[in-house]
Amino acid sequence: MDLLDIFQRLGLAVAIGLLIGIERGWHERSEGEGERTAGLRTHTLLGLLGGIWGMLVAEGGPGGLIALAIAFLVVSTALAIFRLREVTKEGTFGATTLVAGMLAFALGAYAVMGNEIAAAASAVVVASFLALKNVLHSWLQRLTWPELRATLLLLAMSVILLPVLPDRGMGPLEAWNPRQLWLLTILLAAVSFAGYVAVKIAGDRRGIALTGIAGGLVSSTAVTMTLAKLARDHPVQSRLCLAGMAFSSGMMVIRVLTVVAVLNSTLLAYLGAPLVAGGVVLWLAGAFFLGRDPADNGARPALQLGNPFDIREVLLWGGAIAVITLLAKAASISLGAQGLLAGAAAVGIMDVDAITLSMTDLARGVLGAYWGAAAILVAVAANTVTKAIYAWIGGGRPIGVRYLIIAGLALVAGAGAILLVDAIARPLA
């Protein structure tokens with residue numbers, strides 16, 4: 001470690017302590033000198049002290065880690081004693097300042113011994129959580145049990161179950177990839193929860209529209225399932241839900257165009273016109289249903305939201321996806337020579353991103369841009385039709401028919417754009 005590196009790391013240790021100290025000093029700014037355990041200066045010095053001990057460990061060999069542990073224990077004990085005297089005088093309880101001081105020392109040491117970026121990021125997280133005390137406490141007071149339960153279920157589904165599921169084809173015809181199926185199930189639950197939060201924060205009209213637009217960046221299929229169920233349970237809000245579903249599909253089109261433009265722009269010659277035409281129809285349909293919905297002036301009753309997401313509904317949707325995937329895989333196998341497009345349709349039922357990414361790469365080789373673009377268009381079309389089926393299943397006949405019309409118009413617009421471009425290009429060839 002050269003001299004410049006030493007100064008950089010010690011400077012970062014000081015900056016970490018200073019950042020935490022600024023928040024602590026501002027929070028306790030009304031207290032007089034000598035009335036608080038640790039403020040701006042103390043936390044800054046704790047960061048520097050940790051950095052110096054980290055430097056001693058880096059240059060002192062294996063025994064330095066034991067010395068660092070002892071130093072951390074001594075510093076923590078001293079802080080605890082002063083904090084005890086402070087809370088005894090005030091008649092209060094609280095360990096935040098003690099933990100903040102311990103973190104300033106520990107992150108100062110890690111800034112010297114470990115990864116500088118991780119140390120700096122951790123300090124930002126610490127300061128942010130300290131500064132958000134009132135916001136977090138207010139949020140906890142408003143948090144309901146169904147919301148907490150939904151959050152814990154979503155975390156368990158994502159953090160515990162997803163990593164252990166196999167990422168390969170299994171079951172009949174190896175049509176089921178457990179990890180991909182469960183990932184879409186998690187996305188469905190996440191979109192449902194995000195929609196719940198958006199509606200509570202922004203209201204029915206803006207919340208559902210935001211759910212469609214933001215959710216479409218991740219999975220328009222999950223958005224369609226969620227909003228179809230919401231429309232079934234709240235028929236008065238069916239127009240809003242249809243708007244959100246159309247917006248999410250419009251975002252899916254933008255997502256595909258962006259990926260293609262970045263990874264293989266030559267495909268845009270075949271994909272640009274039909275995708276733009278279909279996307280325009282979807283966005284216009286969303287704007288139409290959003291504009292036809294009564295404003296939030298009492299003409300439409302507010303959504304009465306219960307459970308942020310029903311785990312039974314989510315699992316049933318997962319089962320439906322598995323069945324449709326199996327049927328599509330069987331159809332693709334039976335079609336033989338048409339396997340490429342049939343396979344693209346089968347993949348598009350669940351997700352268009354996978355086929356888009358793979359085709360942008362394969363189109364550079366023997367597959368060619370024409371067939372690569374054709375596979376992407378088939379996947380997008382299959383995904384659009386499948387979402388209409390999901391809308392019918394989840395929202396009932398009225399929602400299903402309306403969304404089927406939207407999907408049909410988008411597909412007709414895309415096909416018309418292909419024919420128009422072909423008619424213009426043929427005389428020029």
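**Helix length, packing and exposure**

Analyst: At 1.5 Å a residue, the 18 residues of helix 4 (residues 96-113) should span 26 Å, and its end C-alpha atoms are 25 Å apart, which agrees; the expected span is 1.5 Å times one less than the number of residues. This is a predicted model, in which local features need pLDDT of at least 70 and side-chain atom pairs count only at pLDDT 80 or more, while totals for chains, interfaces and linings use all residues. Residues are numbered from 1 along each chain as its sequence is written, and side-chain values use heavy atoms, with hydrogens and water left out.

User: Which residues in helix 4 are buried?

Analyst: Buried means under 20% relative accessible area, with a 1.4 Å probe and protein chains only. In helix 4, the buried residues include Leu98, Ala104, Phe105, Leu107 and Val112.

User: How do helix 10 and helix 15 pack?

Analyst: Two packed helices are described by the angle between their axes and the distance between the axes. Helix 10 (residues 238-263) packs with helix 15 (residues 368-395) at an angle of about 165°, their axes being 12 Å apart. That makes the two helices roughly antiparallel, a term for angles over 145 degrees.

User: Which residues of helix 10 and helix 15 meet?

Analyst: Met245, Ser249, Met252, Val256 and Val260 in helix 10 meet Ile376, Val380, Asn383, Thr384, Lys387 and Ala391 in helix 15, where contact means heavy atoms within 4.5 Å.

User: Is Arg206 buried or exposed?

Analyst: Arg206, which lies in helix 8 (residues 178-216), is exposed, with a relative accessible area of 59%, the cut-off for exposed being over 50%.

Technical notes
Axes are lines fitted to C-alpha atoms, for helices over the stretch in contact, and angles run from 0 to 180 degrees between N-to-C directions. Helices (H or I, at least four residues) and strands (E, at least two) are DSSP runs, numbered from the N terminus. Angles under 35 degrees count as roughly parallel, over 145 as roughly antiparallel, 65 to 115 as roughly perpendicular and the rest as oblique.
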